[in-house]
Amino acid sequence: MATLADSFLADLDELSDNEADVLDEENNDVANMEEDIDGDLADIETLNYDDLDSVSKLQKSQRYIDIMQKVEDALEKGSHISNQGMVLEDDPEYQLIVDCNGLSVDIENEIVIIHNFIRDKYRLKFPELESLVHHPIDYARVVKKIGNEMDLTLVDLEGLLPSAIIMVVSVTASTTSGKPLPEDVLQKTVDACDRALALDTAKKKVLDFVESRMGYIAPNLSTIVGSAVAAKLMGTAGGLSALAKMPACNVQLLGAKKKTLAGFSTATSQFRVGYIEQTEIFQTTPPALRSRACRLLASKATLAARIDSTRGDPLGNAGKTLKEEIHKKIEKWQEPPPAKQPKPLPVPDSEPKKKRGGRRLRKMKERYAITDMRKLANRMQFGVPEESSLGDGLGEGYGMLGQAGSGKLRVSIGQSKLAAKVAKKFKEKNYGSSGATSGLTSSLAFTPVQGIELTNPQAHAHQLGSGTQSTYFSETGTFSKIKRT
Amino acid sequence: MSYLLPHLHSGWAVDQAILAEEERLVVIRFGHDWDETYTCGFRILTDMKSPGGNREYRMDEVLASVAETIKNFAVIYLVDITEVPDFNTTYELYDPSTVMFFFRNKHIMIDLGTGNNNKINWALKDKQEFIDIVETVYRGLKGTF
């Protein structure tokens, strides 16, 4: 778009501080903008900050003025009963509501722009303030209150900010690197603050109006979440149909605050809740169930919004049913679990024990298995009296322990079955020299298990084919099971 | 606690009870319901050192609390020996509380280490101990059918 390209050019010009040129560009821009699409302010604004009006055009725009006028009139008139027979879209009030929704989004954007303006101007004076006070309206109020004052003890910020933040602000102000602003800059800044605050009040008015008409616009949605929250949701989404098109997870997050200040506890901040947090249903659920309740509310609210956007149930009955459903579900979550019934014991041995098997169990059993030493001690040779610990048949008998003629009581632990299998596998892996050998290599291999091992180089040749041949009938295969006595 | 368990009011009832059960062990306590020091377990008496010895007062209480748990393999009855004196000589019921086990019309003997294998003639305090005894008896019997 021509205006966009122009505005980018204007940025470049602004960097070189060529004001006159830029102002001309600016005026062209303004003219173009108002010619093009009335009230289309979504373009990226130019970055010339000298003139507030060039940045914030909304309040001057015709659209804004018209809608605000209508809203004021409507608010004075109070609520009136809508005509029953008319299709919603033709009703002028509905049109006004739709416009109001769009306008509130625009006002939001405008406030952000003005906030940037104020921030950039005030940076010279108090740069740290922007990171302490995030909310644009609060920032504007604080800036207005502080003005050009260097000593913050003279400034009373009560009521504008929570006291913790006031403290932080005062402390930071005492060590700030800012300098007082020149008079005209200060004036512009204060003007911008006023503008922001005015926009904020306008937005509130618009929202109040929408809220009062909410029962007519979206009866089902207002039944579930209440008209204030419904108005806010609609306002943020940009209209009832826009709200209806959103998935429920997005509806849940509409209006969610993003940042918490670093250094302040995040334990109390609730995750992933937006305007839904302000509904009555949410506030009355116990804290433990709140996240579930939030999801439930968001999904039912989305359903209601969809019904409303197609005008499917003008009386609001669907909303009532959904609300009942929500209440019932939350009740059910809060029920205590069913009382524990004392179970009678089963008949003994009626349920056979589930015996487990496998390698793990075998290894466990090995630890308590009868060792060879104990086995030998348990047996006796026929006709040969056994030796005993205290001699002469007193004390524990040694059985066959000492008797193999060796005179030693010690018996080696021996390898368990599992260890034998592992050792065999390990051996077969053949860490010795394989295949490609030169004539100078020997058949001796140094293996970790056996020490020095003589390997048969022919053995490798058979190994390759072993996968296809059966191991049961193979000539080179071993016994599959050897019992140890 | 005695009101929680079924009573048998005549010798015939006792016989019928023993004959009726095919699959379950029949546990019969011979004694008196009102024998506070030995059978019933009113808490007031726990603090008083009554002359009968207040260690032995909870038999009925134990039986009542255990009845639901072992109902799959045992059934418990109470018999008042003044009301039903028929068995006093045959089973030598001279103690304040006597518990005997029957299965399929047969009296079961248990090695309790007391020398008397026919009955439990003291008041058990421990529920688990009693459940273990009954379970052991039942396991021993399982092999016979």
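Student: How many residue pairs are in polar contact across the interface of chain B and chain A?
Tutor: This is a predicted model, where local features need pLDDT of at least 70, side-chain atom pairs count only at pLDDT 80 or more, and totals for chains, interfaces and linings use all residues. Residues are numbered from 1 along each chain as its sequence is written, chains are lettered from A in the order written, and side-chain values use heavy atoms, without hydrogens and water. A polar contact pairs N or O atoms within 3.5 Å, one able to donate a hydrogen and the other to accept it, and residues adjacent in sequence count only if both atoms are side-chain atoms. With both residues at pLDDT 80 or more, the number of pairs found between chain B and chain A is 3.

Student: Which side chains meet in a salt bridge?
Tutor: The rule takes a side-chain nitrogen of Lys or Arg within 4 Å of a carboxyl oxygen of Asp or Glu. Across this interface it finds 1 salt bridge. At 2.3 Å, N to O, the partners are A:D349 and B:R139.

Student: What area is buried between chain B and chain A?
Tutor: Buried area is the accessible area (1.4 Å probe) lost on putting two parts together, summed over both. Carbon and sulfur atoms give 64% of the total here, which is about 780 Å².
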